Amino acid sequence: MIDYMFKHYDDLIKSALEHLQIVLVTLALSLVIAAALTVICSYSKLAARILPGILSMVYSVPSLAMFALLIPLTGLGQTTAIIVLVIYNQYLLLQNFLAGLNGVEKSIVEAAAGMGMTPMQTLIKIKLPLSRKSFIAGIRIAMVATISIATIAASINAGGLGTILFDGLRTMNPAKILWGSLLSALLAILIDRILRLAEKFFER
Amino acid sequence: MVHAIEFQNVTKAFQGSLHNAVDQINFTAEEGEFITILGSSGCGKTTLLKMINRLYEPDAGTIIVFGENISTLDPVKLRRRIGYVIQQIGLFPHMTVGDNIAMIPNLLKWEKEKTEARINQLLTMAGLAPEEFKNRYPAQLSGGQQQRVGLARALAADPKIMLLDEPFGAIDSITRTRLQDELLTLHRGMNKTFLFVTHDIEEAFKLGTRVMIMNEGHILQFDTPEEIILHPADGFVKSLVDSARAKEQFWEKFRYPREYR
């Protein structure tokens, strides 16, 4: 197993970086869309009621099935993988974002409205800063989920650490299976730790 | 003469409620008056107050503020001209006392020096030394101090009308008495119209130049404290006054040592 690492460290590093790239691109896109959805939900009560339900339904579709559904439209490869990951993230992010915003004490929001702040000003100057902890928590959960689901995306040629894992499964190579899963687990733990620190920082 | 506030046949009902929270209410308030609105919980006093800054919209009737029908005004602009203080205070916990007070001046894009001077002036007026309190966070203040800041924040943009919804309701009685006295002094110096909601009869009669007594969405009597005590409009008002008297007698008996009673 150690031999494999010395012989193929370039492959491992390349896959890990590819994996990280998928995760980061997914995160960036997910955040933009989730932010937009959050704003929509804070303006429209109807959207706030319906959207989380729809997203949770979508979230319950297994990833392989979701890939299969999208392949006719966007083909094999990274694009399809990232689209699916972004869709999954919306549930995790929106859920946490809305919980954070709704968790802001009602009297504070009422004072803000009563003194003449617009809904947008209340959102940006009051609600957002007061719920940043749940925002970071949402991002953390979404990123860890993305790292694990992105492994499966190798099955549709999206690259990443899943490639090594699936290669190992196909050729019955334990070293490859282990390194594939170990590295993606390490990546998940690493990112989880970093974002937990960020959460602590924002707790003050 | 233009009234500060005028209600014309204002009615408001909440969904799922059998009777109107506020039912066909008419009254006028003049500039510089200190009006206390007295009633038990659920009598419609808070609903009435929140319709003035359009946190609630009436179902029927017209509310006129300094000659303008408020339903034709932009609610955000209207609210910036009206101070609003609530029992839970609602200070922004992530901002310093100074930044809390500066919120509306900043949104109105005042110059920095002007805002700064206003913060100092208001804190001094509220009995808090600016250099000591300006950079503190709300959590570092006592309840009474927090409500002083709440008051200062509401006064920041120099509104002509102040709406106060049981502002001292959650404050201990010693601090409360002091705050009441200071609020009276404050009001005397500024020719603003105060509307002060309370369920405490002594507070209502102590502070108000006129007292509005409400029950079940109606105004039972709206007059000076003396007039209400001398000529209660109906049985409800009379029982209210009597209950205050009974309380007074309760304290009276502690005036002399036990052996002389």
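## Cavities

A cavity is a set of grid points where a 1.4 Å probe fits but cannot get out. In this predicted model, four cavities of 30 Å³ or more are present.

## The largest cavity

Seven of the lining residues are nonpolar, two are polar and three are charged.

## The second largest cavity

About 50 Å³ of space lies in the second largest cavity. A:Ala111 lines it along with B:Tyr84, B:Val85, B:Ile86, B:Ile89, B:Gln147, B:Gly150 and B:Arg153. E6 and H6 of chain B each provide at least two of the lining residues. By class, the lining has five nonpolar residues, two polar and one charged.

## Nonpolar cores

The largest nonpolar core has 32 residues, and B:Ile101 and B:Leu183 have the most contacts inside it. At least two residues each come from helix H3 (97-107), helix H4 (112-125), H6, strand E7 (161-165), helix H7 (173-188) and strand E8 (193-198) of chain B. H6(B) gives the most, with five residues.

Leaving aside residues up to four places away in sequence, B:Ile101 touches B:Ile119, B:Leu122, B:Leu123, B:Val149, B:Ala152, B:Arg153 and B:Ala156. Another core, of 31 residues, lies apart from the largest one and includes B:Ala4, B:Leu48, B:Tyr84 and B:Phe222.

Technical notes: Residues are numbered from 1 along each chain as its sequence is written. Chains are lettered from A and ligands numbered from 1 in the order in which they are written. This is a predicted model: local features need pLDDT of at least 70, side-chain atom pairs count only at pLDDT 80 or more; totals for chains, interfaces and linings use all residues. Side-chain values use heavy atoms; hydrogens and water are left out. On a 1 Å grid over the protein atoms alone, a cavity is a set of points where a 1.4 Å probe fits but cannot get out, and a pocket is an open set with protein on both sides within 12 Å along at least five of seven lines; lining residues have an atom within 4 Å of a point. Grid points are joined across faces, edges and corners, and a volume is the space filled by probe spheres set on the points. Ala, Val, Leu, Ile, Met, Phe, Trp, Tyr, Cys and Pro count as nonpolar, Asp, Glu, Lys and Arg as charged, and the others, Gly among them, as polar. Helices (H or I, at least four residues) and strands (E, at least two) are DSSP runs, numbered from the N terminus. A nonpolar core is a set of buried Ala, Val, Leu, Ile, Met, Phe, Trp, Tyr and Cys residues joined through side-chain atoms within 4.5 Å. Buried means under 20% relative accessible area, exposed over 50%, partly exposed in between (1.4 Å probe, protein chains only). Contact means heavy atoms within 4.5 Å.
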